[in-house]
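Reader: I have a new structure to look at. Can you walk me through it?

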Amino acid sequence: MTSEMSSLRLPSATPQRPTVPEALVDRVRDRLAANGDQPTPSRVASALQSEGAILGDAAVLDVVVALRSELAGAGPLEALLRAPHVTDVLVNGPESVWVDEGNGLTRTTIRFRDEGAVRRLAQRLAAAANRRLDEATPYVDARMTDGTRLHAVLPPIAPRGTCISLRIPRRRVFTLADLADLGTIPERAIPWLLALVQSRAAFLVSGGTGTGKTTLLSALLSLVPAGERTLIVEDSGELDPDHEHVVRLEVRPANVEGSGHVSMRDLVKQALRMRPDRLVVGEVRGAEVIDLLAALNTGHEGGCGTVHANSSADVPARLEALALAAGLGRDALHSQVAAGLDAVIHIDRDRDGVRRVAGIHTLVRESNGLVSAHPAVDFTTDGVHLRPAGAALAARLSVQLTADDL
């Protein structure tokens, strides 16, 4: 972890709770809402007077701050969302707010007044994303206008209180050099990753949740030659490569009547009709695996995407499970993978929270007809270490091996 990331100091001060009874604040909120008024100092003071409460200026301002935090932006979470390097903000009820700044989850001192405040924030954020969140639809998965990914669950689905999960998009696109500086890859790994893109090899970036798959893939897509048209298909927009010719397609959820849904499979099929030089599926996690593999086997070179897997060795089984659920037989899936996919880049998250690219595996069809992942190169803190399949991959990618690689 670099000193830059470790030096981040998150807001530690808890928003001031009003010095007046919470029941009184609730009545003021209801009165303002009924009249459609904003919580300005004058209107809050007037509402307090209407409730028979005469308070000093400091107390009135406390109530104003408390109400504004519930009505504007992300309320008490706003400072966390603006802090640099923060990737996730998690709320597990009014007394439990956690944040990830790149080295694992830490608990903050942010608190909500009560469960109702958390619920109101979740519903307001959902409404801002044009989604519904109530007893009839007690969970929501949406993308905010600034790209932040919102997921929220209401009781009784979440029996201990409303839960909010916010995944914050990267505010910058990292280059491979940046990732090397952060310790995510060794410098000697850069030629291998660059060669994967330049050779138009088809590859997947695998890893667990929060390991940095999207960050790495964005860095790699930024290396695509300027003259090539990249079509990105995502459930929720996260990839943001530094490239001048990128077209993005995003899934559309069904409306409240249950119609209008546009799936990943729909989008992959549409993308193939839009003259892509590179087809990118942001995350392969469903039936779209069939269409992606079909594209890679019909002349669409250089396609790529990400997939959840614990290791590169688990990727064939993961793809098999997705394909079987979509109706593609085991033999057909492995034939498609063997012919269409060239490599898997796996990224891990160490126990110390640092994200590191573990290496590259190639996908080889064995004598039994099934595909397995063979280690080609390992990326460690010491550099690049060639594995049995490494020489063949180096020849395929035109990577010049050095004495240190052998």
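Author: Start with a term. A nonpolar core is a set of buried Ala, Val, Leu, Ile, Met, Phe, Trp, Tyr and Cys residues joined through side-chain atoms within 4.5 Å. Buried means under 20% relative accessible area, with a 1.4 Å probe and protein chains only. This is a predicted model: local features need pLDDT of at least 70, side-chain atom pairs count only at pLDDT 80 or more, and totals for chains, interfaces and linings use all residues. Residues are numbered from 1 along each chain as its sequence is written, and side-chain values use heavy atoms, leaving out hydrogens and water.

Reader: OK, how many residues are in the largest nonpolar core?

Author: It has 40. Trp192, Leu193, Ile345, Ile360 and Phe379 have the most contacts inside it.

Reader: And what does Trp192 touch beyond its neighbours within four places in sequence?

Author: Its contacts (heavy atoms within 4.5 Å) include Ile360, Phe379 and Leu393. A second, separate core has 34 residues, among them Val247 and Met264.

Reader: New topic. What is the strand order in the open sheet?

Author: The nine strands run 9-8-10-11-7-12-13-14-15, with mixed pairing. Strands are DSSP runs (E, at least two residues), numbered from the N terminus. Two of them pair if DSSP finds at least two bridges between them. Strands 9 (246–250) and 15 (383–386) are the edges, each pairing on one side only.

Reader: In which sense do strands 8 and 10 pair?

Author: Parallel, over four bridges. Ile232 has Val280 as its bridge partner in strand 10.

Reader: What is the average pLDDT of the chain?

Author: It is 86. pLDDT is the predictor's confidence in each residue, from 0 to 100. Over residues 1–18 it stays under 50.

Conventions. Buried < 20%, exposed > 50% of the residue type's maximum accessible area, 1.4 Å probe, protein only.
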